[in-house]
Structure formats: structure tokens, C-alpha cells
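Q: I have a structure open and would like to go through it with you. Can we start with the packing?

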Amino acid sequence: MINYNPLWKTMKKKDITQYRLNKEFDISRGQISRLKHNYNVSTHTLNRLCEILDCGLEDVVEYTKTATENPDNS
């Protein structure tokens, strides 16, 4: 499962609020809501966040294997 927990930590470190993402950087409130709920977002949005925060993708998203994901169905 992809989650955006690192995003909120990185934003706090960089002193970027959700309000600033929306007003200064034109990240829509809908996209911010999708991030908050760990819903899918486009690679364009992820790219913009990395540009805004001057960070790598690992500072925005993380992957955690869930119990329902099978590594090998053979």
C-alpha cells in the first residue's frame, strides 16, 4: 500500500503548509484531500511535490506491504 506519511513530515521540516500548497503552488484542495486519505494521485502531482519541497520521492511516499498482498502466487 502506498501512503503519504513521509510527505507530512517533509512539509513540516520545510515549513510548507497545506494552505501554502494550495494558494502559492496551485496544488488543488482535491489533490491534498486525496493525499491525506492515501488515495491514488498522478505522477505529475508527485513530481510537483518533489519540486516544491526540493526532495526525493522517498520523502513524499512510502510503500508498505499489506497482509492481503501475496508476493508469489505460483
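Q: What do the buried residues of H1 pack against?
A: This is a predicted model. In it, the buried residues of H1 pack against strand E1 (2-3), H2, H3, H4 and strand E2 (62-63).

Q: Which residues of H1 are buried?
A: Pro 6, Leu 7, Thr 10 and Met 11 are the buried ones in H1. They sit on the same side of H1, because they cover an arc of only 135° around the axis.

Q: And what is exposed on the other side of H1?
A: Three lysines: Lys 9, Lys 12 and Lys 13 are exposed there.

Q: Thr 10 is a polar residue among those. Why does Thr 10 count as buried?
A: Its relative accessibility is 6%, and buried means under 20%, so Thr 10 counts as buried.

Q: What does the side chain of Thr 10 have a polar atom close to, and at what distance?
A: A polar atom of that side chain lies 2.6 Å from the backbone oxygen of Asp 59. Leaving out residues up to four places away in sequence, Thr 10 touches Leu 53, Cys 55 and Asp 59.

Q: Which residues does Trp 8 touch?
A: Not counting residues up to four places away in sequence, Trp 8 touches Gln 18, Ile 32, Leu 35 and Lys 36.

Q: Moving to H4, then. Which of its residues are buried?
A: In H4 the buried residues are Thr 45, Leu 46, Leu 49, Cys 50, Ile 52 and Leu 53. They lie on the same side of H4, since the arc they cover around the axis is only 165°.

Q: What covers the buried residues of H4?
A: The cover includes H1, helix H2 (18-23) and H3. On the other side of H4, Thr 43 and His 44 are exposed.

Q: Now the largest nonpolar core. Which members touch the most others?
A: The core has 17 residues, and Tyr 4, Leu 7, Leu 21, Leu 53 and Val 60 touch the most other members. H1, helix H3 (29-36) and helix H4 (43-53) each supply at least two residues of this core. The largest share, five residues, comes from H4. In soluble globular proteins, nonpolar side chains tend to be buried together.

Q: Take Leu 21. What is Leu 21 in contact with?
A: Setting aside neighbours within four places in sequence, Leu 21 is in contact with Met 11, Ile 16, Asp 26, Ile 27, Ile 32, Leu 49 and Ile 52.

Q: Change of topic: how many salt bridges are there?
A: The count comes to two salt bridges. Glu 24 and Arg 20 meet through their side chains at 3.1 Å, N to O. Arg 48 pairs with Glu 51, where the closest N and O atoms are 3.6 Å apart.

Q: How far apart along the helix are Arg 48 and Glu 51?
A: They are three residues apart in helix H4, so about one helical turn separates them.

Q: Last, the overall picture. What pattern does the protein follow along the sequence?
A: The pattern is β-α-α-α-α-β, and the secondary structure comes to four helices and two strands. The C-alpha atoms fill a box of roughly 50 × 20 × 20 Å along the principal axes.

Q: And what share of the residues is buried?
A: Buried residues make up 30% of the 74 residues in the protein. The accessible surface comes to about 5400 Å², with 48% of it belonging to carbon and sulfur atoms.

Note on methods. Residues are numbered from 1 along each chain as its sequence is written. This is a predicted model: local features need pLDDT of at least 70, side-chain atom pairs count only at pLDDT 80 or more; totals for chains, interfaces and linings use all residues. Side-chain values use heavy atoms; hydrogens and water are left out. Contact means heavy atoms within 4.5 Å. A nonpolar core is a set of buried Ala, Val, Leu, Ile, Met, Phe, Trp, Tyr and Cys residues joined through side-chain atoms within 4.5 Å. Buried means under 20% relative accessible area, exposed over 50%, partly exposed in between (1.4 Å probe, protein chains only). A polar contact is a pair of N or O atoms within 3.5 Å; within protein, one must be able to donate a hydrogen and the other to accept it, and residues adjacent in sequence count only if both atoms are side-chain atoms. The arc is that of the directions from the helix axis to the C-beta atoms. A salt bridge is a side-chain nitrogen of Lys or Arg within 4 Å of a carboxyl oxygen of Asp or Glu. Accessible areas come from the Shrake-Rupley method with a 1.4 Å probe; for residues, only the protein chains shown count as cover.
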